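Welcome, and please take a moment to look over the model below.

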Amino acid sequence: MEKELVEKIKANPDYQTLLQRRGGFAIKLTIAMLVVYFAFILTIAFDPALLGTRLSPESVTTVGIPVGISVIIFAFILTGIYTKRANGEFDDLTNKIKESVKEN
Amino acid sequence: MVNRIFLFLILGSIAVFASGAIEGEVQKQALNVSAIVMFLLFVGATLGITYWAAKRTKSAKDFYTAGGGITGFQNGMAIAGDYMSAASFLGISGLVYLKGYDGLIYSIGFLVGWPIILFMIAEPLRNLGKYTFADVASYRLRQTPIRTLAASGSIATVILYLIAQMVGSGKLIQLLFGLQYEVAVILVGVLMILYVTFGGMLATTWVQIIKAFLLLSGATFMAVAVMAHYDFSFSSLFSHATELKGESIMSPGGLVSDPISAISLAVALMFGTAGLPHILMRFFTVADAKEARKSVFYATGFIGYFYILTFIIGFGAIVMVFQNPAYLDSAKAAIEGGSPILGGNNMAAIHLSHAVGGDFFLGFISAVAFATILAVVSGLTLAGASAISHDLYASVIKKGNVDSMKEMKVSKIATVALGIVAIIMGIAFEKQNIAFVVGLAFAIAASANFPILFLSMYWKKLTTRGAVIGGSLGLATAVLLVILGPIVWVQILGNEEAIFPYKYPALFSVTVSFVAIWFFSITDNSQNAKDEQEAFEAQYVRSQTGIGAEGASAH
């Protein structure tokens with residue numbers, strides 16, 4: 001890519017908005033995933049008995065079962081949230097940038 | 001000409017299969033007719049697809065990326081097909097069968113890398129790369145050293161993974177179809193070579209999609225059958241299972257015993273997934289970043305759903321297979337006591353398929369397991385062949401001065417060579433303990449491939465020197481720590497105590513890699529380093545917007 005074009009895109013306010021919004025969003029979601037997963041795995045490492053607690057005295061199902069399944073569903077939901085916003089809002093911004101470059 | 005060779009190879013592979021099947025009978029193995037019929041249907045259908053794909057694979061771009069015209073949904077299914085190997089289907093359900101909750105912990109680790117790939121890697125990868133992840137890593141760095149390193153990391157990962165798949169497939173097929181081990185390994189190798197050399201990425205993708213569909217359908221049927229048995233009540237399933245195996249199966253056991261191992265395993269699975277060459281390559285098969293994102297969304301959904309199914313299947317096996325005299329390995333039980341099942345714990349899901357669906361469904365699941373292996377080894381081989389032809393041959397040896405037809409030809413030769421290597425390794429490692437192999441593949445992917453790829457996308461100051469030294473040190477550390485660790489040093493080499501106490505080296509090797517890349521980049525004051533840092537802006541703009549990126553080829 002030529003230097004001129006790069007400078008032109010960088011000067012485009014839409015490009016700066018895109019970087020800020022998408023970058024911030026991606027980092028927030030990454031942190032959310034890391035926090036949830038490491039909380040899960042470190043609970044197992046430090047206090048395995050906690051996840052082995054029964055949900056209720058008469059049920060053998062432990063807290064760990066819904067927690068574990070929730071981590072899987074959480075990961076899927078995060079990818080859904082990101083894909084929806086990126087394929088809508090962020091791609092619209094990207095297309096605006098592409099249009100502005102095409103014009104001249 | 002091509003068609004004639006193709007026909008010859010098809011007939012050849014069927015002949016190999018038929019002779020093996022007869023031998024199986026002679027060996028008094030249970031010959032599973034429905035399994036063989038369904039398997040032949042699968043092979044016939046996939047070879048038909050390969051024939052169709054071969055006619056559409058005309059350029060190198062078609063060969064490596066199926067022309068870039070795969071949709072997000074199809075690619076998501078194919079990624080899931082790549083990732084849900086027979087090892088994870090049988091291994092994780094076997095682990096749940098054996099230890100209960102620990103199996104769930106393990107599968108969660110394999111899943112959580114996917115969102116990170118989506119948020120951090122998928123989009124820049126699609127926008128910057130053409131055929132391999134080395135395209136991205138070497139985008140603004142020096143081609144020869146970076147491509148050599150990236151290709152080495154890819155080939156090492158691919159070969160290790162292939163060994164694990166080939167040995168697993170040989171044993172599985174031997175058990176399920178009554179074929180001889182060597183025959184099974186050769187059959188897998190020959191079919192894989194056929195799919196990849198003739199059909200390239202297009203055939204490989206459709207083999208993976210079909211396999212993913214069959215595997216998800218079969219696993220769904222098993223899970224539903226198990227749940228129906230308990231009126232769809234998890235608590236009655238769990239309480240019956242605990243009556244048989246005790247309440248310990250409902251809580252974390254010994255899989256991750258200390259915090260260091262826990263974090264190290266997490267790092268290996270997360271960053272390793274984001275550094276697997278055959279997975280990364282799949283992102284070049286879609287048209288643009290939008291489809292790349294959709295791919296990960298669908299893939300995460302399918303894989304997550306699959307892991308929930310394997311958890312139910314594992315528990316289903318506890319209640320229906322464990323202590324069921326039909327599946328008891330009585331010879332082994334007589335020696336060791338307890339109630340071992342035929343073929344070992346990894347056969348839990350296979351026996352369960354018989355318990356819920358009889359011989360016919362057992363045949364279906366056996367054929368699916370075989371299909372799964374074929375699909376995974378095809379994806380791996382294609383990724384390895386691309387590293388050889390696109391990175392080493394076209395970029396390093398020919399410095400980019402090579403026409404696309406010649407490059408594709410080298411790819412096909414590389415595919416055949418890798419297929420032969422896989423067959424030889426599969427036979428050589430038959431009786432070896434290969435427990436460390438997949439772990440090592442993930443450790444190398446996490447310590448060599450991932451840091452270079454990630455930093456090349458986001459860190460302006462990365463230089464060739466930093467990437468080469470850091471990536472090599474990461475790779476060497478991963479290999480060394482696996483050798484000195486408990487599995488190789490103690491279990492295989494027979495030493496008393498491991499020099500490196502942890503099973504998973506990734507936490508250490510990934511750290512070494514990142515720190516070394518950082519240090520040798522910031523201390524690099526060469527003119528070359530300055531040019532590379534200057535080129536970052538243009539790369540970053542393209543990685544973020546896709547302006548200037550490769551589009552799909554119109555068919």
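Two residues are in contact here if their C-beta atoms, placed from the backbone, lie within 7 Å. Among contacts in chain B between residues at least 6 apart in sequence, 83% join residues at least 24 apart.

A word on the ground rules: this is a predicted model, in which local features need pLDDT of at least 70 and side-chain atom pairs count only at pLDDT 80 or more, while totals for chains, interfaces and linings use all residues. Residues are numbered from 1 along each chain as its sequence is written, and chains are lettered from A and ligands numbered from 1 in the order in which they are written.

## Chain B as a whole

Chain B has 23 helices and 0 strands; helices (H or I, at least four residues) and strands (E, at least two) are DSSP runs, numbered from the N terminus. The radius of gyration of chain B, taken over C-alpha atoms, is 23 Å, close to the 24 Å of the globule rule for 555 residues, so chain B is as compact as a globular protein of that length. That rule is 2.2 Å times the number of residues to the power 0.38. Along the principal axes, the C-alpha atoms of chain B fill a box of roughly 75 × 60 × 45 Å.

How much of chain B is buried? Buried residues make up 63% of its 555 residues. A residue is buried if 20 or more other C-beta atoms lie within 10 Å of its own, exposed if 12 or fewer, and partly exposed in between, with C-beta atoms placed from the backbone. Helix α6(B) is mostly covered, with 11 of its 11 residues buried; among them are Tyr101(B), Ile105(B) and Phe110(B).

## Where chain B touches chain A

The contact between the chains takes 45 residues from chain B and 43 residues from chain A. On the side of chain B, α6 (101-111), α7 (113-128), α11 (234-245), α12 (259-273), α14 (289-320) and α23 (536-545) each supply at least two residues. The largest share, 10 residues, comes from α14(B). By class, this side of chain B has 27 nonpolar, 11 polar and 7 charged residues. Here Ala, Val, Leu, Ile, Met, Phe, Trp, Tyr, Cys and Pro count as nonpolar, Asp, Glu, Lys and Arg as charged, and the others, Gly among them, as polar.

## Helices that pack together

Axes are lines fitted to C-alpha atoms, for helices over the stretch in contact, and angles run from 0 to 180 degrees between N-to-C directions.

| Helix pair | Axes | Angle |
|---|---|---|
| α5(B) and α16(B) | within 9 Å | roughly 145° |
| α7(B) and α14(B) | within 9 Å | roughly 155° |
| α10(B) and α16(B) | 6 Å apart | about 145° |

The crossing of roughly 155° between α7(B) and α14(B) makes α7(B) roughly antiparallel to α14(B) (angles over 145 degrees; under 35 is roughly parallel, 65 to 115 roughly perpendicular and the rest oblique). Their crossing is right-handed, whereas α10(B) passes α16(B) in a left-handed crossing. A crossing is left-handed if the near helix is turned anticlockwise from the far one by less than a right angle, and right-handed if clockwise.

The contact of α7(B) with α14(B) includes Trp114(B) and Arg126(B) from α7(B) and Arg293(B) and Val296(B) from α14(B). It has 10 nonpolar, 2 polar and 3 charged residues. The contact of α10(B) with α16(B) divides into 24 nonpolar, 9 polar and 1 charged.

## A few single residues

Phe232(B) has a positive phi of about 55° although it is not a glycine. Phe232(B) sits in the loop between α10 (181-229) and α11 of chain B, and is exposed, with 11 other C-beta atoms within 10 Å. Gln323(B), also not a glycine, has a positive phi near 65°. Its place is the loop between α14 and α15 (330-336) of chain B, where Gln323(B) is partly exposed, with 14 other C-beta atoms within 10 Å.

Leaving aside neighbours within four places in sequence, Val410(B) is in contact with Ser389(B) and Tyr393(B).
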